Amino acid sequence: MLMSFLVLIAFLYIAEVYSVQKPSAIYFVLSGVFIGLAVAAKYTGILLIIPLLGRRFFSTKGEKKEISRKLLLSLFVIPLVFFLVNPFVILDAGKFLKDITGELSIATAGFPRAGLANRLGWVNYPLAIYNILGPVLFLLAAGGAFLALYRRSKNGLLVCSVPVIYYIFLGVFKNSQAHYIFPAIPFTILIAAYCLADLIGAIAITGVSRKIKHALAILICAAAALPSFYETIYYNRWINQRDPRIIAKAWILNNIYTDARMLIEGVSEDIP
């Protein structure tokens, strides 16, 4: 998914902003560029502004002014890149606003006629992540989040912040779909890797033989990777089948007369 890729690149530069006491302005600019591109791909990319702005709270009293100036530079670059990539936002502002309000209407109301009005993401998104990662990686991610919090690891907490921000923001909407949480998946895997490395490190200092240590490490890694590997193979087989939307289109063309109008729930109610 393009947006997930852009979110990862933006986060790399955000991490650079946190890595040194006086980060270069170029990292703020590049963070803004890739956040702007992520927003252009899908609007929820704007959520990366939160960890970026958090850099000010980790600055000393003497550097707050300089960090604030550089953050303002990022905030200028983000909309600039967004408008350059999506000029229709300016050229056809009316349609853009109509599309946005339509999306918000669906997000806040859900699909009540389909019985989906009360399905909040608080439960759906953790289940989606569990199904994508499998039980072992999911538990490792939970363990990694706990370790980052317990050790107060700045880098660990920074990585954890992205899935948490997405979960909190998306969870309040009633139109919850699994692909909305996809940008958080790479970060969840990184958190799981943090715990996995710690677990293998703990095995390494035990008194058992080297062969047993290696066997245990391979077994744990295989248990973590195999469920996701299976899901990938299954998805690749499924994606090659005929798209249900094409099947639906064919049914509509064959069964509904040409001049009919269709109601798309949450978008329009003015059906004659």
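1. The largest nonpolar core has 52 residues, and V7, I35, L48, L140, Y166 and I181 touch the most other members. Helix α1, residues 2–19, gives this core its largest share, nine residues. A nonpolar core is a set of buried Ala, Val, Leu, Ile, Met, Phe, Trp, Tyr and Cys residues joined through side-chain atoms within 4.5 Å. Buried means under 20% relative accessible area, exposed over 50%, and partly exposed in between, with a 1.4 Å probe and protein chains only. In soluble globular proteins, nonpolar side chains tend to be buried together.

2. A caution on the source: this is a predicted model, in which local features need pLDDT of at least 70 and side-chain atom pairs count only at pLDDT 80 or more, while totals for chains, interfaces and linings use all residues. Residues are numbered from 1 along each chain as its sequence is written, and side-chain values use heavy atoms, with hydrogens and water left out.

3. Y166 belongs to the core residues named above. Not counting residues up to four places away in sequence, Y166 touches M3, V7, T44, G45, L47, G171, Y180, I181, P183 and A184. Contact here means heavy atoms within 4.5 Å.

4. The chain has twelve helices and zero strands. Helices (H or I, at least four residues) and strands (E, at least two) are DSSP runs, numbered from the N terminus. The C-alpha atoms fill a box of roughly 75 × 50 × 30 Å along the principal axes.

5. Of the 272 residues in the chain, 35% are buried. Among contacts between residues at least 6 apart in sequence, 74% join residues at least 24 apart.

6. Is K213 buried or exposed? K213, in helix α11 (residues 210–239), is buried yet has no salt bridge. A salt bridge is a side-chain nitrogen of Lys or Arg within 4 Å of a carboxyl oxygen of Asp or Glu. The nearest side chain of opposite charge, D198, is 16 Å away; Lys and Arg count as positive and Asp and Glu as negative, while His and the chain ends are not counted. Leaving aside neighbours within four places in sequence, K213 is in contact with I203, A204, T206 and V208.

7. R152 lies in the loop between α8 (135–151) and α9 (154–171). Phi of R152 is near 55 degrees, a positive value in a residue other than glycine. R152 is exposed, with a relative accessible area of 71%.
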